Amino acid sequence: MAFSFLPELLISMFVLLVVVVGSYYIKSSKNPSPAVDWPVAGILPSLVYNLHRLHDYIAVDLLAPSGHSLKFAIVSIRFFMTCDPANIQHIFTSNHANYPKGEEFAEIFDVMRGSIFTVDGESCRRQRANYLGVLSNPLLAGLMTRCCRDKVEKGLLPFMTNMARTSTPVDMADLMTRLVFDLYATTIFGVDPARLSLDMPPVHVADAMDTVMEVGLVRHIVPAFCWRVMRRLNIGPERKLAAAQVVLHCFTNDMIMERRKKGHVIGQEPVDVLSSYINDPDYGGDLLHATLITYMIAGRDTIGITLPWIFYNLANNPHVVASIRDELAPIMSRKSAIASAAMMILETEDVKSLVYLQAALLETLRLYPPAPLERKSVVATDVMPSGHEVCARDIVLISLYSVGRMEAVWGADCHEYRPERWLSEDGRKLRFVPSHKFMAFNSGPRLCLGKDIAIIQMKIIVAAVVWNFDVKMLDGWAIDTKLSCLLQMKNGLKVKLNKREM
């Protein structure tokens with residue numbers, strides 16, 4: 001029994017050898033082919049060699065020359081990769097029942113196993129109804145926007161003011177991670193961890209969530225039997241993931257126990273997310289933990305990943321900043337006439353009408369979707385609108401990053417950051433773009449339930465920063481992405497802040 005996984009270990013070692021030899025060959029070749037099909041390992045060596053530019057490799061080297069769709073195999077596992085909007089609509093809407101996430105997806109993200117993030121079919125529909133009931137509670141919606149506004153006023157802006165006064169460079173990626181972590185911990189558990197403060201305390205829970213997504217990418221790329229062996233031996237990235245899962249479970253367990261100690265106050269309806277689940281018999285034990293972790297990751301990552309890219313785009317496009325300030329000016333003028341304040345902050349009702357600001361956010365999501373790849377499994381043989389046939393047990397990969405860079409969808413300037421593409425001719429309304437062409441909030445039956453609240457929160461945060469500060473990237477600062485299921489900045493976004501005088 002102790003050596004029951006020996007065959008898997010031997011196969012894993014052989015695949016690793018092919019990957020190493022193949023990667024060395026590609027690196028030493030003067031004109032390396034972008035996708036050499038190696039014995040057993042398939043295109044895995046090419047994929048590994050190009051990990052440092054994974055999403056550009058997929059968009060430029062794999063999908064663009066293949067007519068936006070491609071079939072390949074890695075260790076006898078068949079893949080179909082696409083960014084064709086017609087295929088995406090077919091997968092996510094027209095024939096979505098044939099393309100569930102699947103059991104292996106649930107195993108890849110086992111820390112959230114059983115939650116809405118990993119289930120399909122009736123279980124997904126039932127949990128989605130529960131999520132909708134929780135998120136549509138007007139008291140919770142009010143708490144989420146109120147927490148966002150208060151955290152900006154009492155946490156973010158004072159921190160940025162201090163950094164501007166001392167001319168200290170700021171990592172906007174880290175700052176936004178702390179802000180959004182505090183925001184979502186407060187709305188989910190009713191507790192503010194206060195990670196956004198001048199002493200910059202450690203963010204172990206946020207780091208653990210990052211690890212889940214980083215090792216998740218490894219599990220996506222490496223054949224399952226390889227990472228399962230590493231998990232059994234507790235080595236490599238699997239060792240790091242096991243430690244991260246302990247951190248997440250301890251955190252959620254502490255939050256649950258703290259809530260149970262407080263109990264329910266008669267006459268006060270509980271507002272935070274945990275209160276909606278803690279006494280629900282359908283959400284006991286591991287499922288409650290998985291559900292709470294899913295809420296944290298879904299909320300923190302959508303906004304926390306997007307905000308640094310927004311400030312990156314704005315720092316590189318000062319004319320967009322000027323247009324946002326022009327849109328903000330009438331509202332800020334009215335607010336300053338009512339009450340004098342050192343810092344101007346918008347309320348929920350104020351940001352709803354900010355069309356150009358929302359266009360700037362959507363344009364960032366087009367170019368830098370928080371989750372650049374989606375994975376589906378195939379239940380039964382089917383033919384895609386592109387003419388490609390997929391068979392049962394195939395794995396389907398959808399490159400959201402590539403969709404946002406398709407000239408056929410977005411025009412010849414598809415690589416440019418241009419919020420105006422989202423506006424009507426008179427600039428007063430947003431253009432409608434179907435979700436199968438803009439997948440930042442998913443599509444079909446899995447369309448993101450928190451989309452509207454996420455947009456409002458981002459608008460409140462970005463408006464406050466843009467109106468009160470000039471944000472400039474440090475000269476020569478290089479932007480790169482982590483190896484993760486999320487499009488996170490690898491080295492952060494270092495900027496210099498200057499307080500605006502008005």
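Predicted model: local features only at pLDDT ≥ 70, side-chain atom pairs only at ≥ 80, totals over all residues.

Me: What is the phi of Arg393?

Reply: Arg393 is a residue other than glycine, and its phi is a positive value. That phi is near 80 degrees.

Me: Where does Asn442 lie, and does it count as buried or exposed?

Reply: Asn442 is in the loop between helix 18 (407-410) and helix 19. Although not a glycine, Asn442 has a positive phi of about 65 degrees. Buried means under 20% relative accessible area. At 14% relative accessibility, Asn442 therefore counts as buried.

Me: Which residue with positive phi follows helix 10?

Reply: Helix 10 covers residues 224-233. Its buried residues are Ala224, Phe225, Cys226, Trp227, Val229 and Met230. The residue after helix 10 has a positive phi, near 55 degrees, and is Asn234.

Me: How far apart in space are Tyr99 and Val378, C-alpha to C-alpha?

Reply: Tyr99 has its place in the loop between helix 4 (85-94) and helix 5 (103-108). Leaving aside neighbours within four places in sequence, its contacts include Lys376, Ser377 and Val378. Tyr99 and Val378 are 279 residues apart in sequence, and their C-alpha atoms are separated by 5.1 Å.

Me: What share of contacts in the chain joins residues at least 24 apart?

Reply: The chain has 19 helices and nine strands. Of its 502 residues, 53% count as buried. Taking contacts between residues at least 6 apart in sequence, the share that joins residues at least 24 apart is 70%.

Me: How are helix 8 and helix 13 oriented to each other, roughly parallel or roughly antiparallel?

Reply: The axes of helix 8 (residues 172-189) and helix 13 come within 9 Å and cross at roughly 150 degrees. Angles over 145 degrees count as roughly antiparallel. Helix 8 and helix 13 are therefore roughly antiparallel.

Me: How many nonpolar residues are in the contact of helix 8 with helix 13?

Reply: Helix 8 passes helix 13 in a right-handed crossing. From helix 8 the contact includes Met176, Val180, Tyr184 and Ile188, and from helix 13 it includes Met296, Arg300, Ile303 and Leu307. By class, the contact has one charged residue, three polar and, as the number asked for, 16 nonpolar.

Me: What is the orientation of helix 6 to helix 13, parallel or oblique?

Reply: Helix 6 (residues 121-135) packs with helix 13 (residues 285-316) at an angle of about 55 degrees, the axes being 13 Å apart. That angle makes helix 6 oblique to helix 13.

Me: Which residues of helix 13 meet helix 6?

Reply: The crossing of helix 6 and helix 13 is right-handed. By class, their contact has five nonpolar, three polar and no charged residues. Gln127, Tyr131, Val134 and Leu135 of helix 6 meet these residues of helix 13: Leu287, Thr291, Thr294 and Tyr295.

Me: How are helix 16 and helix 19 oriented, roughly parallel or roughly perpendicular?

Reply: The axes of helix 16 (residues 355-367) and helix 19 (residues 451-468) come within 10 Å, with a crossing of roughly 110 degrees. The range from 65 to 115 degrees counts as roughly perpendicular. Helix 16 and helix 19 are therefore roughly perpendicular.

Me: How many charged residues are in the contact of helix 16 with helix 19?

Reply: Leu357, Gln358, Leu361 and Leu365 of helix 16 meet Ile455, Met458, Lys459, Val462 and Ala463 of helix 19. The classes of this contact are seven nonpolar, one polar and, for charged residues, one.

Me: How many disulfides does a search of the whole structure find?

Reply: A disulfide is a covalent bond between the sulfur atoms of two cysteines. Cys391 counts as partly exposed because its relative accessibility is 25%, and Cys448 counts as partly exposed at 29%. For disulfides, the search of the whole structure finds zero.

Technical notes. Residues numbered from 1 in each chain as written. Heavy atoms only, no water. Axes fitted to C-alpha atoms, helices over the stretch in contact; angles between N-to-C directions. Helix = DSSP H or I, 4+ residues; strand = E, 2+ residues; numbered from the N terminus. Parallel < 35°, antiparallel > 145°, perpendicular 65-115°, else oblique. Left-handed = near helix turned anticlockwise from the far one by under 90°. Contact = heavy atoms within 4.5 Å. Nonpolar A, V, L, I, M, F, W, Y, C, P; charged D, E, K, R; others polar. Disulfide = S-S within 2.5 Å. Buried < 20%, exposed > 50% of the residue type's maximum accessible area, 1.4 Å probe, protein only.
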